[in-house]
Each structure stands twice: as C-alpha cells, then as structure tokens.
Amino acid sequence: MENGISKNEKNLNSRLIKTIYTRYIITTVVLALIYVFLMFLVNQGIISEYYLRLMKQIGIFLIAALGLNLILGFTGQFTMGHAAFMSIGAYGSALMTKNFNMPFPIALIVGIILAAILAALIGYPILRLKGDYLAICTLGFGEIVKVIIQNVDYVGGARGISGIPGKTSFLIVFIGAALCYAILKNLIHSSKGRAIMSIREDEIAAEAMGINSTKYKMTAFIIGSSMAGLAGGLYAHFNSFIDPASFGFSKSIELITYVVLGGMGSLSGSVIGTSILIYLPEALRGLSDVFKTYRILIYAILLVVMMIFRPQGILGTREISVSNIIKFFKKFQKTSITNTDQNEKAGE
Amino acid sequence: MNTLLQQIVNGICLGSVYALIAIGYTMVYGIIKLINFAHCDIYMVGAFMGYFAATVLGLGFIPCLIFSMVSCAILGMLIERIAYKPLRNSANVTLLITTMGMELILQNFVKADFIAGPNTRDFPQVIPLVSYKLGSITISNLQIIALAITVILCIVLQYIVNKTQTGRAMRATSYDRDAAALMGININKVISLTFALGSALAATAGVLVGMLYPRLEPAMGVMPGLKSFVAAVLGGIGIIPGAMFGGIAMGLIETLSKVYISSGLSDAIAFSILIIILIVKPTGLFGKKNNVKV
C-alpha cells in the first residue's frame, strides 16, 4: 500500500517537473525571441540609440525595484535605504573592474555579495523594528553609507569614481532583469513565499502559526538587497560615473515610488511602474518648453494625484501573466453571452 | 575648554532650530501617525517667505517672522486638506509616498523661475549683528534672539497643548481618534490646527536660520529636515518635550562632533546615534513602551 502511494507520488512529481521544465523552456524561448525582435528593431533604426539607453536604464532600475518589492511589497517591511545597497554594489563592482582589472561578470558578483553581506549585517539588528521605526532606521543607515563613502578617499570621496568602463550591454540588463523576475516569481509561489507574505499580513499571527519571522524577513531582505547590488553594479558600468550623492535619500524614495506606483506585491506592477516613471520625465522633456523646465514638478504632481485617486497602485497586488490574460478573456466571453453568469460569479 | 564652551553655545543655538522643526514632525506624528516629509520644505518655504517679506515688503524682523509664520500655517493646512485628508484611512506607505511627493512639489515649485529660481540667495540683515563677549565666549545678539524666540514659542506651545480646550482636543485626538470624534471633537479641525502650529514653528525656524546663516536655496530643507527628524525620534516621536530635548541634543552632537571628531563624518555620527537609540530603545528617550495586542 505504502509503495503504491510513493509510486504515485513519484509519477506525479516527475510529471510536475516535466511540465515545469517545459514551461521554463517556453519562457526562455519567448524571452529570447523578444530580445531578438528588439535587437532587430534597433538594427533597423526603428528604436534609436537614445531609446535603447532608456530601456537599459529602465531594466537596471527594474532590478532594484524588484528587490525592493520583495522587501516592501511582499514582506511588508518598510525600508528607505535601498539605494545604499545600490551604491555598495556600484562601488564594489566599479573598483573591481577599474582598479583590479577583473572581468565584468565577476565584478558584478562581487557587488552582489558585498550588498548581501551588508544586508545580513545590518538586517539582523534592525529587522526587529516594525513599521515607521524600521523606515527611520533604514533611512539613517542609507545616509550613513553615503557619508562614509563621501569620506573615504580611496573610492574618490565626494567626487565619486569616473571613467568606469561602459560594459553594461542591453543583453546583460535583459538577462539580469528576467532572472530576478523569475527568481522572485518562483520564491513567491513556493512555501517560503507564502511564509513571507503571511508576515506581511500579520506578523504576530504568522509567528503563532510557527513561522520563524526573523528568518524569513532576513531572507527577503538579503535577496532584495543583493538585487539592488546587482542593479548598482550594472548602473556603474552603464553611467561610467558614480558618486555618493546619486545614491542618496532621494534615490531610495524614487525606487519606492516605482514600486508603489505599479502596486506593492505585484512583480508585473513593478515593471509597469518603473517603465512609466523613467519614461514619463523623458517624454515630458520632449513635449514643449514648459514641460522641459518643470518636468520634475509635473512628475511630482502626477505622483500625488495618483496616490490620492488610486492609492493601491496601478495593478494592486494583481499580476499580468499569460494565464491571467486567458482567464480574463474567458470571463469576458462568458459575461458577454449571459448576464446571469455574472451574478453567479459575484456570488462566488 | 574655551572652545568647548563656545561650541556648546553654538550647539544649543543650532539645536533650538532643530527643536522647532522637530516639534512639527512630532506633533503630526502624534496625531495622525504620519511622518510628514514635506515638513522640511515648509521650513524652506518659511525661510523664503521671510526673505520675501524682508526684501520686497521691506518689513522689520518681527513682522517678517509673523508674516512667514502665518503664510506657512496656511500652506501647511492647505497641504493637509488637499493631499493628506483624502488618504487618511489608507495604508501608511501610500501616505508616506504622498508626503514625499509634496516634498518634491514644494521644492521644485520654489525652484521654478517665476518663484525664486535655483540659485542661492542671501538673507538680508534685518537686525544688525552685535557680538557680546562673556569671558572667553562670543555670543551674538542673533543667537540670543533665536534662542529666546525658541524658548518663548515652546512655552506657548506647551501652554496651548496642556492648558487650553483646543490642546485637550488635540491630546484626545492623538490618544484615540475615533473615541475623540464620538465625544464631539471636530477631528478635521484639530488635525488642521496641528498642521498649522507645526508649520508655523517650522517657518520660525526657517526665518531664524535665514538670520543666523544667511544662505537660502530650494534644497536647504533636506538635511536639517532629516536631522530634526532624528531629533524627534531621539526624544520619542509623538512627545513634544521629547522633540525639544532631542533638537538641542542633536545640535550639540553635531557641533561637538564637527569640532572634536571629524567635520565630514558628523552626519554619519548623528545617524548612528539614531540607529543605536532605535535598537536599544525604539520609543525614544522619553517614550513609553506599548505592547502590540492581537
């Protein structure tokens, strides 16, 4: 009897693994096709160099925003020092390529590891704090990192580092963003992800259910921060100039707005939020002189109006995915056929 | 020893400015549990209002101060009505983002060409500078005025909060908003008043800073804002005497660490103190511990 069950389980498992792997392969192929298509457009001159640069920028900040979304949106821990981890990643990897002549991927990994180590060191004491206190503490931490970098002459002090080799290609950004997205998606749909989200909903209740909240908060914090480290490394080799001031308090706020605009707890929301908020100022720049001079003002007003009228962000906690789109169309078809169906759905 | 005394005097002066800003943070937090990031820019607007009154209207120091206080009180109330009131019952993060948005709006509005432009401006000398020598310490009349105004305003504020009917309504609202509403307190009015008081104090700080360190620019509010925020946390956020104490402490810490440790690292020291305090005693020096119930 026992053997039968385990056999069935084995079959089920192998079938599951098979479907999961086919899904991975399909996703990879689709992503590769998207990349090839984009590159084709670039080669044909339909997407100009300027827009390619913009896309790179969106991708880089998307990686950081995804990491922040894990901490802020899924774990519910309000951190305001995310840019500090970006600066650690940026400085770490920039020093690696510039002073030690390391290859770019290794430099990126060094940046990620440095950010992760720092997150582990700082996260352990401060993640015990809750709500606003955690926000204040991370804010202070971000400022400390900035001031310390400003005062270390080896890394250029307040002048920053210039002349970093511009090695960030669109391919690397694309792969990095897709990988981070996939990691987070898998994490969230695992049992660990559910534990993480239960901490967001109610930490005390989660602990009562036997979830080690410190452990999961730390996990989320370290993963999120190492993504910020990756984004920082990419940014350093994209901009070829970094200084401590560009990773200050305002950058952290910018990252938070990307996440909140798209919807906290929605990965596709982060993609949308980041794209809109990076593209919007650039688009406003092109419109006319009034927009050109006052674009940050207009952007801030839009942000406040958005928060007043749709505080949960564009997507809320929903996701845009292939299966959800199919579901939506099926529902749409049904409701268009009969109205009674709709009532039943509402009842459900 | 002489430098130490001199620095303590300077530190208390700087600290009184921080205290004035910190009170605004702490009052707003006490009443609606919101960290109002736009507060530091109200301080900046206050400084510019003082500048406007002194240069364009040609007013003296006291009218200047009152003009700036009144206009900033109105501005603070307007911001609360337009941006924060619709969001009062939504998630904390949303409100925080809105305050950050307001911060950006205020900063960039002042930065716009038709208001003040991005360049720094010099605050006019509304009161001629006189320095007094007390033994080995030099103290200027401006410092004395700043300190005196801070003390007077703190006493007035304490009187309003502790002795008047409005103050009682404010304390009731901060204790339990819904229960206060049921007791017939007009919550909206109380919250507006809190913002008005906090903003008026920030405006005072702005004018005093304009007088003491005469340089105005649209981004001048960010660092003092952060530091006075730390001051509010240091004393226990939500507690007004705590904010006064925290402000003075921050001023002393900043000036002393600038002289004795390192001028570059003084900000880092201030924020490290913040983190240490939060880890050791998260409710601040004056705060009481309250347990979270399920």
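Let's start at A:Gly316, which sits in the loop between α13 and α14 (322–337) of chain A. This is a predicted model, so a word about confidence will follow in a moment. Is this glycine buried, exposed or something in between? A:Gly316 has 15 C-beta neighbours inside 10 Å, and it therefore counts as partly exposed.

Another glycine, A:Gly269, is 47 residues away along the chain, yet the C-alpha atoms of A:Gly316 and A:Gly269 are separated by 7.6 Å.

Now step back to see how the chains meet. On chain A, 34 residues are in contact with 35 residues of chain B. Which helices of chain A each supply at least two residues to that side? They are α4 (104–126), α5 (131–151), α8 (203–208), α10 (249–262) and α13 (295–309). The biggest share comes from α5(A), with 13 residues. By type, the side of chain A that touches chain B divides into 27 nonpolar, 5 polar and 2 charged residues.

Finally, how far can you trust what you see? Chain A has a mean pLDDT of 85, and 92% of its residues reach 70 or more. Among the elements of chain A, helix α9 (residues 213–239) has the highest mean pLDDT, 93, while helix α15 (residues 340–347) has the lowest, 48. Over residues 342–348 of chain A, pLDDT stays under 50, and the model has 1 contact beyond four places in sequence for this stretch. Where pLDDT is low, the predicted coordinates should not be read in detail.

Technical notes
Residues numbered from 1 in each chain as written. Chains lettered and ligands numbered in written order. Predicted model: local features only at pLDDT ≥ 70, side-chain atom pairs only at ≥ 80, totals over all residues. Contact = placed C-beta atoms within 7 Å. Helix = DSSP H or I, 4+ residues; strand = E, 2+ residues; numbered from the N terminus. Nonpolar A, V, L, I, M, F, W, Y, C, P; charged D, E, K, R; others polar. pLDDT = per-residue confidence, 0-100. Buried ≥ 20, exposed ≤ 12 C-beta atoms within 10 Å, placed from the backbone.
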